[in-house]
Protein chains: 2
Amino acid sequence: MLTTFKATAKKTETGLQVESEARGFKITFDEPKSLGGTDTGMNPVEGVLCALGACQSIVCAAFARYKRFKYEEFWVELEGDLDPDGFTGKNPDVRNGFQEIRFSFHFKTDEPQEKIDEFADFIESRCPVGDNLGHGVKLVRTAAVKE
Amino acid sequence: MLTTFKATAKKTETGLQVESEARGFKITFDEPKSLGGTDTGMNPVEGVLCALGACQSIVCAAFARYKRFKYEEFWVELEGDLDPDGFTGKNPDVRNGFQEIRFSFHFKTDEPQEKIDEFADFIESRCPVGDNLGHGVKLVRTAAVKE
């Protein structure tokens, strides 16, 4: 059944700082001083890495029993390469977003490596955020409203 | 110049709850009770919407002067449609992530609508998170490690 998730993002009065909110839960985004911000929060592309790792972790937690995979701890380390010359307009041949995102899964478990690899494949294949980042999603601007 | 951004995500001992972190800034992700979580934070797909709106807001703030666009306030409303039958495996024909993401820009400004539309196009075209979601990005699993 199709579910609609919602969020808002609003620029504050401080530099590049933004307050995002979904169902009452908030995140403060900002940029480091090196990118013109006041460094009061992670930036949006770091937020994307955080959301991807969280989504993979939730898939791990939600499906471990179903896949008969036992583990004590799970974490993800993520990194992504981005060239600011893209979005700043300095180099039109450089894309604006990440050029590549890499991640590694870490399991504290007694399962054999073969079963770890198989479960890692499953996590990767089922993750909603990974699906959208890896394959893209239709983005539709419905309005640009003067308030 | 290529810059590498990093993050980690780690499952906590509480249900589906995950702590993500980038440069010392943290986000708690969870799922609502309807999706099997303990509802202590937004979920990762909501986090993606928050990051997209924040990224668009930062592009607005960072480039307004360069584009000679004056405004007092800016915010973004976002929503995305996702069918949980995809990632739960109930329906193999349904994709795991969002099927569509919609957003609207809201400007408190005295600029004419034509200039608003033009600046909205600019924001949309330059946004790094929008680039990655709209066009996809290469995702590489570098390891699945037994700790």
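**Conventions.** I classed angles first: under 35 degrees counts as roughly parallel, over 145 as roughly antiparallel, 65 to 115 as roughly perpendicular, and the rest as oblique. Axes are lines fitted to C-alpha atoms, for helices over the stretch in contact, and angles run from 0 to 180 degrees between N-to-C directions. The model is predicted: local features need pLDDT of at least 70, side-chain atom pairs count only at pLDDT 80 or more, and totals for chains, interfaces and linings use all residues. Residues are numbered from 1 along each chain as its sequence is written, while chains are lettered from A and ligands numbered from 1 in the order in which they are written. Helices (H or I, at least four residues) and strands (E, at least two) are DSSP runs, numbered from the N terminus.

**Helix pair within chain B.** I started with α1(B) and α3(B), residues 128–135. Their axes are 7 Å apart, at an angle of about 135 degrees. The two helices are therefore oblique to each other. I listed the contact next (C-beta atoms, placed from the backbone, within 7 Å). α1(B) gives B:A51, B:L52, B:C55 and B:Q56, and α3(B) gives B:P128, B:V129, B:G130 and B:L133. By class I found 6 nonpolar, 2 polar and no charged residues. Here Ala, Val, Leu, Ile, Met, Phe, Trp, Tyr, Cys and Pro count as nonpolar, Asp, Glu, Lys and Arg as charged, and the others, Gly among them, as polar.

I then took α3(A), residues 128–135, against α1(B). The axes come within 8 Å and cross at roughly 40 degrees. That makes α3(A) oblique to α1(B). A:P128, A:V129 and A:N132 meet B:P44, B:V45 and B:V48.

**α1(B) itself.** I checked the length of α1(B): 20 residues, reaching 28 Å from first C-alpha to last. That is close to the 28 Å expected at 1.5 Å a residue, the span being 1.5 Å times one less than the number of residues. Buried means 20 or more other C-beta atoms within 10 Å of a residue's own; exposed means 12 or fewer, and partly exposed lies in between, with C-beta atoms placed from the backbone.

**First sheet.** Which strands form the open sheet, and in what order? I read 6 strands as β3(A)-β2(A)-β1(A)-β4(B)-β5(B)-β6(A), with mixed pairing. Strands pair if DSSP finds at least two bridges between them. β3 and β6 of chain A stand at the edges with a single partner strand each, so one side of each lacks a neighbour in the sheet. The twist averages 20 degrees from one strand to the next. α1(B) packs on this sheet, touching β1, β2 and β3 of chain A together with β4 and β5 of chain B, at about 30 degrees to β1(A).

I went through some pairs. β4(B) and β5(B) run antiparallel with 9 bridges; B:L78 stands opposite B:F103. β2(A) and β3(A) are antiparallel with 5 bridges, and A:E19 faces A:T28. Their hairpin has 2 residues between the strands, and A:R23 takes a positive phi near 50 degrees. On β3(A), A:F25, A:I27 and A:F29 form the covered face, A:K26 and A:T28 the uncovered one.

β4(A) joins β1(B) by 8 bridges, antiparallel; A:L82 partners B:T3. β5(A) joins β6(B) by 8 bridges, parallel; A:S104 is opposite B:A143. β1(B) and β2(B) form a hairpin with 6 residues between them, and B:G15 in the turn has a positive phi of about 45 degrees.

**Interface.** Last, I looked up the chain contact: 93 residues from chain A and 93 residues from chain B. α1(A) supplies the largest share of chain A's side, 16 residues. That side has 48 nonpolar, 22 polar and 23 charged residues.

Methods. Two residues are in contact if their C-beta atoms, placed from the backbone, lie within 7 Å.
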